[in-house]
Amino acid sequence: MFCSQITDMPDLLNYEQALAHYNNTKPIRGSDIRPICEGANGRRKKHMQICKRITASKQRGVVIACRLYDTDLLEFHPNGDIFITTGEWCSQSSLHFINALLPYGMWANIQNRKAVLTKDETDYESFKYESFKVKPERLEYSIGAGLTLRHVQGTNKWEVTKHEPNYSYKVKRRVMYLKMLPVRHFITECTAFSKLYDLNDRTVQDEFKLRRLPLLTDYDVLKDPNHDDYSEIVLDCLQYSYTEPDYWARAKHGAIPKFDPNKIKDFVRDIVKFTFAEEIFERVEVDGISKNGNEKYFGERR
């Protein structure tokens, strides 16, 4: 089903309301499925259910779970906690389902391919008649393997009690500079080689369009101009930097492909970062969700 069909959801803010909704929902005949949605068409949405889970832990007791397909995305606990997770499905459908049940002032979305819960902490009452002065204060939490919400007694606010810390990988500039020094000549030589090709020639264009993949990405080759594979990695770098103009630039202004000098630098920087990721990056805990994408350098280069 599409996320646009996540409608007719009940307002569930605590364990008592979730338990009452579970008890008032009749299971579909011949099964234990209890559709969570209300209204005339609610019972047709069998993929969205409300379930009761009896846990082994005495502290958790009987948990009311809100399920999308085969994944329990929200759990209401007897102590008042709400546990949120995306399971293994960081999808728009999962987040729409979670948003339909979250308390006011919170929402879940995807940032940098991660599920993120945003909580609005803005004090709107202080600027009741001067809304233009309001400065939004929002906290972001990575949902990851799950986080727990707890209601603050006597208020309409919620706090996040358990969550995965937000980490960011930041570059140690001095280390990066030292690792780049031995391969700077490669950037200069690639830029010089790129000026020798006539990209008006369709044969030359096809040569870079149809070159093999994956690219050669060996740091030792970059350092040594006498290496047997040096000429090969130069061609791979030029292929990486080869940029086609868009349709309008080609049609109206007669633009031709080019070798982007910034992409030549990015090609070399990526190899250096993949090769020395443990030395170049330091992991620091941050308040918000990291958007620099540096965690990719700790995986396999693709």
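Predicted model: local features only at pLDDT ≥ 70, side-chain atom pairs only at ≥ 80, totals over all residues.
Biologist: Let's start simple. What makes up the chain, in helices and strands?

Modeller: You'll find 10 helices and 13 strands in it. Of the 302 residues, 39% are buried.

Biologist: Why is Leu-178 called partly exposed?

Modeller: Just set its value against the cut-offs. Buried means under 20% relative accessible area and exposed means over 50%. Leu-178 has 42% relative accessibility, so it counts as partly exposed. You can find Leu-178 in helix H3, residues 173–180.

Biologist: Now the inside. Which residues have the most contacts in the largest nonpolar core?

Modeller: Those are Ile-36, Phe-97 and Leu-149, in a core of 33 residues. Helix H2, residues 92–101, gives the most to this core, with 4 residues. There's also a second, separate core of 30 residues, including Met-176, Val-204, Leu-222 and Tyr-242.

Biologist: What does Leu-149 touch, leaving aside its neighbours within four places in sequence?

Modeller: Contact means heavy atoms within 4.5 Å. Among the residues that pass this test for Leu-149 are Ile-82, Leu-102, Met-106, Leu-117 and Trp-158.

Biologist: Back to H2. How do you know that its buried residues are on the same side?

Modeller: The buried ones are Ser-94, Leu-95, Phe-97, Ile-98 and Leu-101. They cover an arc of only 155° around the axis, and that puts them on the same side of H2. In general, an α-helix has 3.6 residues a turn, so residues three or four places apart point the same way. As for what the buried residues of H2 pack against, strands S1 (48–54) and S5 (106–111) are among the partners.

Biologist: And why do we say that the buried residues of H4 line one face of the helix?

Modeller: In helix H4, residues 184–194, the buried residues are Phe-186, Ile-187, Cys-190 and Ser-194. Looking down the axis of H4, they fall within an arc of 100°, so they line one face.

Biologist: What covers those buried residues of H4?

Modeller: The cover includes H3, along with helix H6 (219–223), helix H7 (230–241), strand S12 (258–259) and helix H9 (261–275).

Terms used. Residues numbered from 1 in each chain as written. Heavy atoms only, no water. Core = buried A, V, L, I, M, F, W, Y, C linked by side-chain atoms within 4.5 Å. Buried < 20%, exposed > 50% of the residue type's maximum accessible area, 1.4 Å probe, protein only. Helix = DSSP H or I, 4+ residues; strand = E, 2+ residues; numbered from the N terminus. Arc of directions from axis to C-beta.
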